[in-house]
Amino acid sequence: MSALDRKLGRDLWRLKGQVATIALVLACGFMAMIMLRSTWQSLIGARDAYYDAYRFGDVFARLERAPDAAAARLERLPGVAVVYPRIAEDVMVPIADASDPVTGRILSIPDDGTPPLDGLYLRAGRLPVAGAADEAVILEQFAEAHHLQPGDHVPAVIEGRVRQLQVVGIALSPEFVLAMSGREMVADNGRFVVFWMLRSTIAPAFRMEGAFDDVVIQLEPGASLAAVLDGVDRELARYGARHAVGRDKQLSNYALTSELGILRTLALVIPSIFLAVAAFLVNVVLSRLIFLERTQIAVLKALGFSNGRIARHYLVLVIAIVGIASLLGLALGVWSGRWMTALYSDFYRFPMRLHHVTPGLVAITIGIGVVAAVSGAMISLRRIARMPPAEAMRPATPLVYRRSLFEGLGLGASAMMVVREIERRPVRFAMSTLGIAMGVGIFVMGRFSWNSFDYLMDEVFPREHQEDVTVTFVRASPPRALHELAHLPGVTFVEGERIVPVRMHAGARWRDTTITGLPEPSRLRHLMSGGERPIALPTDGLVVNDRLARLLGVDVGDEVEVDLLEGDWRTHRARVAGLIDEAFGLQVYARADWLARLLDEEPRASIALLSVDADRRDEVSARLKDFPSVLGVSTRAHIVERYRAQTGESMLVITMILTLSAAAISIGVVYNNARIALSMRSRDLASLRVLGFTRREISSVLLGELALQVVLGIPLGLWLGHAWAALMAQGFDPDTVKFPLHIADTTYVGATMIALVSGLVSALLVRRKLDHLDLVAVLKSASE
Amino acid sequence: MTTVISGRALTKRYRMGEVDVQALRGVDIDLIEGELMVLLGASGSGKSTLLNILGGLDVPTSGSVEYRGEDLTAADEDELTWYRRRHVGFVFQFYNLVPSLTARENVALVTEIADDPIDPADALALVGLGERLDHFPAQLSGGEQQRVAVARAVAKRPDVLLCDEPTGALDFETGVRVLAVLERINRELGTTTAIITHNAPIAAIAHRVVTLADGRIARSERPARRIPAEELRW
């Protein structure tokens with residue numbers, strides 16, 4: 001090993017505090033990048049592989065009843081590769097260990113057990129066999145939630161009669177990556193079950209022999225989705241089909257894509273900012289660290305080492321720091337990525353191993369770190385290389401200090417030294433302040449999505465939804481059904497909502513959505529724009545979600561075409577009477593009486609909102625199981641809980657990790673600033689000590705500057721954090737979700753505290769060094 | 001008499017903060033092979049600047065420097081690096097050792113890049129530090145550190161040894177020991193040596209004494225009688 005290599009090793013050890021904190025800052029950037037990107041890439045990869053291997057359909061359509069011959073006609077449509085007609089029926093599942101009724105969906109599979117599309121991945125047991133009565137394969141999520149094994153029985157109400165279905169297998173399906181019934185925006189593993197049963201078994205029960213009421217279609221490569229959707233709609237219109245939808249509107253896939261969209265935004269914005277901040281800080285800190293080495297560099301030059309050789313020496317030092325950061329960041333990133341993916345896999349079920357980190361991701365991540373660190377080092381190395389060695393060996397030329405504006409303020413000598421130092425080196429001061437601000441800003445940004453989510457769940461949702469229980473009817477029911485519910489003991493108030501599926505057009509643009517008809521005024525359902533401003537429904541026309549309005553290109557006063565997707569299937573024109581700013585979904589609202597007139601029907605309710613005495617909740621749930629008209633029941637508390645579990649948990653993990661990283665970055669910046677300032681000024685400070693200044697007095701010179709940086713950095717950082725959060729909020733797919741830019745006060749307080757505490761800890765560490773300043777040694781050596 | 005390094009009409013002007021400093025105002029000087037020369041002068045007389053220019057650590061504002069007939073004035077950064085590596089050894093007032101390397105490693109730093117070096121242990125033995133090879137600079141006294149610096153400078157067998165106030169930071173006794181080492185190297189290895197000092201009595205060990213004042217050569221003389229470093233008194 002050469003002497004220079006040994007110097008390297010010992011320098012790394014000598015600078016261990018700084019090496020460790022710089023590496024930590026960089027490692028946090030690496031971790032954020034790898035955690036979020038790998039989770040996103042893994043989920044995307046798993047989804048695509050799954051859909052591919054299990055032949056997930058491209059087009060889905062539901063209808064009333066069509067003869068098998070209609071399926072053959074579909075097969076002849078241009079662009080259609082495979083048609084899979086089947087029976088799909090929703091049933092109520094009065095399972096004993098659930099307090100509320102559970103929704104079930106029975107799907108037929110061919111008698112040979114192999115669906116041509118939307119294949120089953122059997123986790124346990126076997127497929128049903130022909131001839132055996134009421135055998136079913138059930139969805140894994142539900143089986144897990146209710147501890148069901150092959151051999152167990154599950155009751156289902158089929159055409160008014162309870163039948164005990166025997167579980168013979170447990171399976172996953174690409175159609176139900178998320179267990180979603182379609183009645184709620186969230187997955188509910190314990191309250192939605194899919195039964196796959198042989199067609200020959202269930203066709204008689206639903207009187208569907210030789211017929212189907214649901215179809216899945218696979219396209220030929222390169223086929224036009226729009227053309228096929230059109231063809232299918234035309235072909236099936238006479239069989240009471242709703243509009244066929246593409247894969248993008250398939251429920252589980254839609255929810256999965258939405259979540260991936262959120263994750264994608266997080267994975268793009270957060271690591272970019274994180275890594276940029278880490279890179280910036282590492283750049284600044286390393287350039288200063290190397291500048292401090294200039295005396296040693298000058299000696300090496302005097303000894304005859306070339307600039308190139310010296311640069312290589314210091315670059316190895318820098319690369320070593322990046323290396324440490326890479327190992328740490330990679331390990332933490334992989335670990336936290338696994339953790340996050342595991343959280344996701346609670347709700348998003350894939351048959352294959354999920355989490356993997358691609359070499360490309362690792363290479364890009366570390367590459368960014370290397371470039372940042374090396375360019376920072378090069379700034380100083382180049383400056384030093386340009387100096388004649390004789391000059392570099394001298395203490396830096398005294399800077400030109402001037403009398404300043406602040407002279408007249410009667411500041412003491414040490415305060416004056418702080419002021420003049422800042423005036424003399426404004427860029428350095430600004431960079432340090434910016435560094436601290438970035439640490440603070442990252443903390444704020446890291447907590448933003450969680451704060452917004454919390455705000456939506458804890459404040460906006462309860463404000464908009466005052467009901468305790470939501471009951472979904474099998475089909476839209478007359479007011480009598482509401483009266484029956486109102487008479488249940490414990491129910492204090494009932495209100496109906498009419499929900500109609502529609503396709504809304506404006507020119508060539510269209511979107512499938514629902515119109516929700518509400519009583520005006522509604523006691524339980526309050527429309528709030530932006531979660532705060534109450535919206536009153538107009539007597540005529542629609543209130544449209546503002547993102548939907550933007551997607552359709554319409555504004556208040558414009559007319560839209562509304563295709564009803566039930567009832568008489570007519571097309572109407574309606575006026576957009578108002579806009580509403582809501583976080584989730586793309587809903588449309590109208591007054592129930594106006595909607596009834598549009599539908600040309602007596603007032604009906606698709607769902608009922610109930611106020612229930614808190615202590616009689618269970619009783620009401622139990623009674624609801626006996627209502628044949630009820631398809632499902634959900635409670636507000638339960639929905640919030642599901643949302644929290646499905647999206648909140650992963651967001652919490654992201655937030656936690658980002659918060660810790662932000663703290664590490666803050667500490668890394670402040671500590672390095674303080675240490676470098678100490679090295680640069682120890683000579684001045686020792687001189688002051690010799691002149692008779694006390695330790696406290698010289699500390700105040702150095703720490704005064706640090707304190708000023710922290711004090712200025714905090715408000716700047718809070719502002720930066722807010723700006724980054726706004727940037728992130730804009731990054732979310734408008735089709736999916738709109739996060740309100742809500743940052744909790746506790747976040748601001750926390751960010752401020754972190755900056756203050758890391759400032760204080762750094763001050764204490766530096767103060768200890770100052771107390772042990774060897775006056776003679778410092779003054780005797782020519783270097784600073 | 002062979003001239004190793006010669007400087008002609010050297011001037012140097014630089015800015016220090018807001019002050020313009022004229023460090024050299026036209027200096028002609030020759031370093032003669034095998035000679036031990038002492039450059040005397042008050043602080044600010046320009047002697048360090050002159051030495052740095054002769055050693056390729058700095059470039060003159062005007063004038064020329066030649067090494068054995070080769071012009072250094074137009075040399076670029078790389079050529080100066082090679083010049084220093086092959087031909088010049090430096091000793092500074094503030095030893096300038098690498099603090100993270102031991103005495104032996106500080107010397108090895110140079111021997112690793114030299115063509116025909118002295119073994120680091122032998123070089124340290126030459127300066128009387130054969131016993132303290134594995135001590136770090138912080139574990140050595142000032143005089144010992146300066147002798148390590150001398151060993152480091154001579155280990156590559158330089159043609160010229162340039163010493164800038166080598167005793168400036170040392171007390172009398174240790175200063176004398178360092179000078180004795182320099183004298184011995186000049187005598188035994190025949191290394192052309194230039195020593196800068198503001199301490200006039202040291203001039204007694206020189207073959208030739210050049211006095212600088214205000215950026216010009218004021219005097220150049222050969223002492224009638226050289227005395228060994230050990231007999232110096234100040």
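This is a predicted model: local features need pLDDT of at least 70, side-chain atom pairs count only at pLDDT 80 or more; totals for chains, interfaces and linings use all residues.
## Two helices of chain A

Two packed helices are described by the angle between their axes and the distance between the axes. In chain A, helix α2 spans residues 16-53 and helix α7 spans residues 251-292. Their axes come within 9 Å and cross at roughly 160°. Because angles over 145 degrees count as roughly antiparallel, α2(A) is described as roughly antiparallel to α7(A).

The crossing of these two helices, α2(A) and α7(A), is left-handed. Where α2(A) and α7(A) are in contact, the residues comprise 26 nonpolar, 3 polar and 3 charged.

## The nonpolar cores

In soluble globular proteins, nonpolar side chains tend to be buried together. In this model, the largest nonpolar core contains 280 residues. Within this core, the residues with the most contacts are I138(A), A278(A), V282(A) and A151(B). The element that gives the most to the core is α7(A), which supplies 23 residues.

What does A278(A) touch, not counting residues up to four places away in sequence? With those set aside, A278(A) is in contact with V25(A), L26(A), C28(A), G29(A) and I665(A). Another core, of 29 residues, lies apart from the largest one. Its members include V500(A), V544(A), L579(A) and L599(A).

## Where chain B meets chain A

The contact between the chains involves 25 residues of chain B and 27 residues of chain A. On the side of chain B that touches chain A, α2 (77-87) and α3 (103-111) of chain B each supply at least two residues. The largest share of this side, 5 residues, comes from α2(B).

Sorted by class, the side of chain B that touches chain A has 12 nonpolar, 5 polar and 8 charged residues.

## Two helices of chain B

The axes of α3(B) and helix α5 (residues 142-154) of chain B come within 8 Å and cross at roughly 25°. Angles under 35 degrees count as roughly parallel, and α3(B) and α5(B) are therefore roughly parallel to each other. The crossing of α3(B) with α5(B) is right-handed.

Which residues of α3(B) meet α5(B)? From α3(B) come A103(B), N106(B), V107(B) and V110(B), and these meet V148(B), A151(B) and R152(B) in α5(B). The residues of this contact between α3(B) and α5(B) divide into 5 nonpolar, 1 polar and 1 charged. A151(B), one of the residues of α5(B) in this contact, is also among those with the most contacts inside the largest nonpolar core.

Notes: Residues are numbered from 1 along each chain as its sequence is written. Chains are lettered from A and ligands numbered from 1 in the order in which they are written. Axes are lines fitted to C-alpha atoms, for helices over the stretch in contact, and angles run from 0 to 180 degrees between N-to-C directions. Helices (H or I, at least four residues) and strands (E, at least two) are DSSP runs, numbered from the N terminus. Angles under 35 degrees count as roughly parallel, over 145 as roughly antiparallel, 65 to 115 as roughly perpendicular and the rest as oblique. A crossing is left-handed if the near helix is turned anticlockwise from the far one by less than a right angle, and right-handed if clockwise. Ala, Val, Leu, Ile, Met, Phe, Trp, Tyr, Cys and Pro count as nonpolar, Asp, Glu, Lys and Arg as charged, and the others, Gly among them, as polar. A nonpolar core is a set of buried Ala, Val, Leu, Ile, Met, Phe, Trp, Tyr and Cys residues joined through C-beta atoms within 7 Å. A residue is buried if 20 or more other C-beta atoms lie within 10 Å of its own, exposed if 12 or fewer, and partly exposed in between; C-beta atoms are placed from the backbone. Two residues are in contact if their C-beta atoms, placed from the backbone, lie within 7 Å.
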